Amino acid sequence: MNQKILNLLGLCRKSGNLSLGYDAVVDSIKKKKAKVCLVAADSSDRVKEKMKTFSSDKNIECFITNFEIKDFEKSIGKAVGVLSVDEKGFSKKIKTLLGEGLNDN
């Protein structure tokens, strides 16, 4: 996938607009702060399903990415399988880039 997304995630982290880890993301979704949810490809199937279902119930887009946990760790400095972008501008750009990445196939 696109290195630009990982770079944006790094900027999001520095600006304090990311929720990292399953519990923090669920809390962010409940508080209606999350704008988009990203799940690492190597997260467990259980986590993927729970995040997709919970996000869908709360009308938040959730993407199962091609990134692995180690990719997230390199860009944000923490090994997590689930994260949410909590700022509208960053989330819009990430959704755009994810859409472009889907068309690369």
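Q: In this predicted model, what counts as a salt bridge, and how far apart are N and O in the one between Lys52 and Glu49?
A: A salt bridge is a side-chain nitrogen of Lys or Arg within 4 Å of a carboxyl oxygen of Asp or Glu. The side chains of Lys52 and Glu49 make one of these. From N to O, the value is 3.5 Å.

Q: Which helix holds both Lys52 and Glu49?
A: Helices here (H or I, at least four residues) and strands (E, at least two) are DSSP runs, numbered from the N terminus. Lys52 and Glu49 sit three residues apart, about one turn of the helix. Both belong to helix H3 (residues 45–57).

Q: Is Lys52 buried, exposed or partly exposed?
A: Buried means under 20% relative accessible area, exposed over 50%, and partly exposed in between (1.4 Å probe, protein chains only). Lys52 comes out at 37%, so Lys52 is partly exposed.

Q: Which parts does the salt bridge between Glu61 and Lys95 tie together?
A: The closest N and O atoms of Glu61 and Lys95 are 3.0 Å apart. These two residues are 34 apart in sequence, so their pair ties together strand S3 (residues 61–64) and helix H5 (residues 88–103).

Q: Which residues does Glu73 touch, not counting those up to four places away in sequence?
A: Contact means heavy atoms within 4.5 Å. Glu73 is found in helix H4 (residues 69–76). Its contacts are Lys78 and Ala79.

Residues are numbered from 1 along each chain as its sequence is written. In this predicted model, local features need pLDDT of at least 70 and side-chain atom pairs count only at pLDDT 80 or more, while totals for chains, interfaces and linings use all residues; side-chain values use heavy atoms, leaving out hydrogens and water.
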